[in-house]
Structure formats: C-alpha cells, structure tokens
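Please look over the sequence and the model shown here before reading on, and keep both at hand while you work through the report.

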Amino acid sequence: MNVYERTQRRLKTVFDLFDNIYVSFSGGKDSTVMLHLTAQMARAQKRKISVLFIDWEAQFSCTIEHVNALREGY
C-alpha cells in the first residue's frame, strides 16, 4: 500500500469514528497537503470540517497570503 492509499484509509477511519473533524493548519506544505486530503474526503462523504489556524503575528506575509487563499477557496 502506498502513502496516499494509507492516508485515505486513515482519514476514512477518522471520519467513521468522529462526528467533528478538525484540521490544525500552519500554512506549511505538510499541513496544506493534509488540509487538501481531508477536504477531499469531507466532500466525498458530504461532511464538513473545521480548520484551526493561529496567527502568531510572526509568520511570513506569503504564508498569511497562502492561508487566506485557501480560506477563500474552501
């Protein structure tokens, strides 16, 4: 089983076990991929997710722009 398939299996388990799904999002590449995969699963299951992003006022402006673009896109 490849990494993508394993991730899909884990996400399905999470969606099966929990009513509320939250993604902690830093704006970095790893959490961006996790957000996309979780949102994809949520759409497939007609579910909603919540996303937590904390602006410590220390992030690069390009990170904040990326976060805002994703917020608008989702």
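## Overall fold

This is a predicted model, and every value given for it has been computed from its atoms. The protein chain contains three helices and two strands, and when it is read along the sequence these elements follow the pattern α-β-α-β-α. The C-alpha trace spans about 35 × 25 × 20 Å along its principal axes.

Of the 74 residues in the protein chain, 26% are buried. The chain exposes about 5800 Å², and carbon and sulfur atoms supply 55% of that area. If we take the contacts in the chain with a separation of 6 or more, residues 24 or more positions apart account for 70% of them.

## The nonpolar cores

The largest nonpolar core has six residues in all, namely L11, F15, I21, L37, M41 and A42. Two elements, α1 (3–17) and α2 (29–44), each give two or more residues to this core, and α2 gives the most, with three. A second, separate core has five residues, including V23, L35, V67 and L70.

A42, a member of the largest core, can also be followed through its contacts: when residues up to four places away in sequence are not counted, A42 touches F15, R47 and I49.

T7 has its place in helix α1, and T32 lies in helix α2. Is T7 buried or exposed? Because its relative accessible area is 18%, and buried means under 20%, T7 counts as buried. The side chain of T7 reaches the backbone oxygen of V3 at 2.8 Å, and, leaving aside neighbours within four places in sequence, T7 is in contact with M34 and L37.

The side chain of T32 reaches the backbone oxygen of G28 at 2.7 Å. Not counting residues up to four places away in sequence, T32 touches F25, G27, H66 and L70, and L70 is among the residues of the second core.

How many salt bridges does a search of the whole structure find? The search finds one, and it is formed by D16 with K12, whose closest N and O atoms are 2.9 Å apart. Side chains of opposite charge can pair when their charged atoms come close.

Both D16 and K12 lie in helix α1, where they are four residues apart, about one turn of the helix. K12 has a relative accessible area of 41%, and is therefore described as partly exposed.

V14, L17 and F18 form a nonpolar patch on the surface, and together they have about 290 Å² of accessible area. V14 lies in helix α1, and at 32% relative accessibility it counts as partly exposed.

K46 lies in the loop between α2 and β2 (50–52). Although K46 is not a glycine, it has a positive phi of about 55 degrees. With a relative accessible area of 75%, which is over the 50% cut-off, K46 is classed as exposed.

## A residue in strand β2

S50 lies in strand β2, and at 33% relative accessibility it counts as partly exposed. Which residues does S50 touch, not counting residues up to four places away in sequence? They are I21, Y22 and V23.

Technical notes
Residues are numbered from 1 along each chain as its sequence is written. This is a predicted model: local features need pLDDT of at least 70, side-chain atom pairs count only at pLDDT 80 or more; totals for chains, interfaces and linings use all residues. Side-chain values use heavy atoms; hydrogens and water are left out. A nonpolar core is a set of buried Ala, Val, Leu, Ile, Met, Phe, Trp, Tyr and Cys residues joined through side-chain atoms within 4.5 Å. Buried means under 20% relative accessible area, exposed over 50%, partly exposed in between (1.4 Å probe, protein chains only). Contact means heavy atoms within 4.5 Å. A salt bridge is a side-chain nitrogen of Lys or Arg within 4 Å of a carboxyl oxygen of Asp or Glu. A polar contact is a pair of N or O atoms within 3.5 Å; within protein, one must be able to donate a hydrogen and the other to accept it, and residues adjacent in sequence count only if both atoms are side-chain atoms. Patches are made of residues with over 30% relative accessible area and no salt bridge: like charges are joined within 9 Å, nonpolar side chains (Val, Leu, Ile, Met, Phe, Trp, Tyr) within 5 Å. Accessible areas come from the Shrake-Rupley method with a 1.4 Å probe; for residues, only the protein chains shown count as cover.
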